[in-house]
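Grab a pencil and keep the 3D view open.

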Amino acid sequence: ALKSCDAAALRIPDPLSFFLIEQCCKLRKPFVVEITTDIWTYLAPQNSTMRFGLFFRYYWHYLQKQACLKANGVSYVTQYHLQSRYPSYISLHPADQKHFEAAFTDADIPLNQFRQSPKNEFFKDGKIKLVHISGNLSFDGKGYKELLEALNILSKTYDIELGLVGDGELSPANLQYVRDNNLLSFIHKYGKVETRERMFDILNDSDIFVFPSYTEGLPRVVVEAMACGLPCVGSDIPGNRELMQNDALVPVHNGSALASKLDELIRNVELLRVYSVDNLLKAKKEFSKEAVNKKSQEFYQRLANIFESSI
């Protein structure tokens with residue numbers, strides 16, 4: 001497939017993409033890479049139990065840095081973090097004409113799917129509804145340990161519900177924690193949600209989106225929560241830092257700090273309204289389908305232009 005194509009777009013980190021990058025160089029085919037994850041943080045010992053994780057952390061980190069220097073173009077899902085960790089060729093050689101970079105994500109939400117106005121009412125019937133979304137609930141890197149610890153603390157004071165959206169089950173250790181602390185009645189498991197419309201229904205019916213992940217590129221689910229005007233609270237990691245307010249961030253691996261921040265917001269509904277306004281405006285400005293498509297089309301047009309100029 002690579003031999004018959006004119007140019008290539010490869011998403012990294014990915015073992016196959018790393019191999020194909022070398023083939024692109026040998027075949028002198030123009031190519032771009034799409035950087036979605038900070039592999040250095042993702043495979044850090046405190047975040048990953050992957051077998052041979054330390055080896056792959058160093059090796060893939062090196063390959064990812066090299067890929068950004070070899071590619072004609074680099075697209076990042078972040079505005080700052082991944083660019084500083086994995087600089088592109090053009091960032092080091094600004095006068096070059098055959099290299100380029102861009103920043104955009106695939107969280108392309110049509111404008112008609114955004115909430116029409118900021119969220120004004122919270123805690124209907126006195127119940128506090130927290131929500132968390134993930135692809136798979138068994139992946140502990142999303143911070144379920146800390147999320148459940150916070151729920152355990154808050155459930156002693158408030159009528160509260162934690163909605164979990166995602167495929168699979170919590171890990172055995174987290175399920176045991178739920179049983180030991182009698183938390184099952186405070187958790188509503190939605191399971192895997194097949195459509196964005198259904199997910200937005202769940203978000204619009206919630207009060208606060210909680211995302212204590214250990215590592216992210218730019219978390220799309222946070223953008224989708226913002227598009228619903230939800231206040232968001234999360235771990236102080238680069239991906240969240242580019243989306244959430246500074247005072248909505250808590251230390252990573254700290255369930256008690258997460259509970260304290262949520263308690264602070266529950267007691268300050270006016271601040272929740274401010275967060276809702278800010279999040280909705282930011283999501284519309286930066287992550288609408290129209291805005292993202294414009295950036296991505298310009299990026300891939302640059303790749304096409306490089307191919308055409310080489311003919």
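Two strands count as paired if DSSP finds at least two bridges between them; helices (H or I, at least four residues) and strands (E, at least two) are DSSP runs, numbered from the N terminus. You're looking at a predicted model, where local features need pLDDT of at least 70, side-chain atom pairs count only at pLDDT 80 or more, and totals for chains, interfaces and linings use all residues. Residues are numbered from 1 along each chain as its sequence is written, and side-chain values use heavy atoms, leaving out hydrogens and water.

**Exercise 1.** Find the pairing between strands E5 and E6, and say in which sense they run.

Solution. Start with E5 at residues 128-136: its pairing with E6 is parallel and has seven bridges. Next, look at Asn-136, which sits opposite Asp-167 in E6. Right-handed here means that, with the strands pointing away from the viewer, the path from the first strand over the helix to the second runs clockwise.

**Exercise 2.** Work out how E6 connects to and pairs with strand E7.

Solution. First, locate E7 at residues 187-191; E6 pairs with E7 in the parallel sense, over four bridges. Leu-164 faces Lys-189 in E7. Now trace the chain: from E6 it passes through helix H7 (residues 172-180) to E7, in a right-handed β-α-β crossover.

**Exercise 3.** Decide how covered E6 is.

Methods:
Buried < 20%, exposed > 50% of the residue type's maximum accessible area, 1.4 Å probe, protein only.
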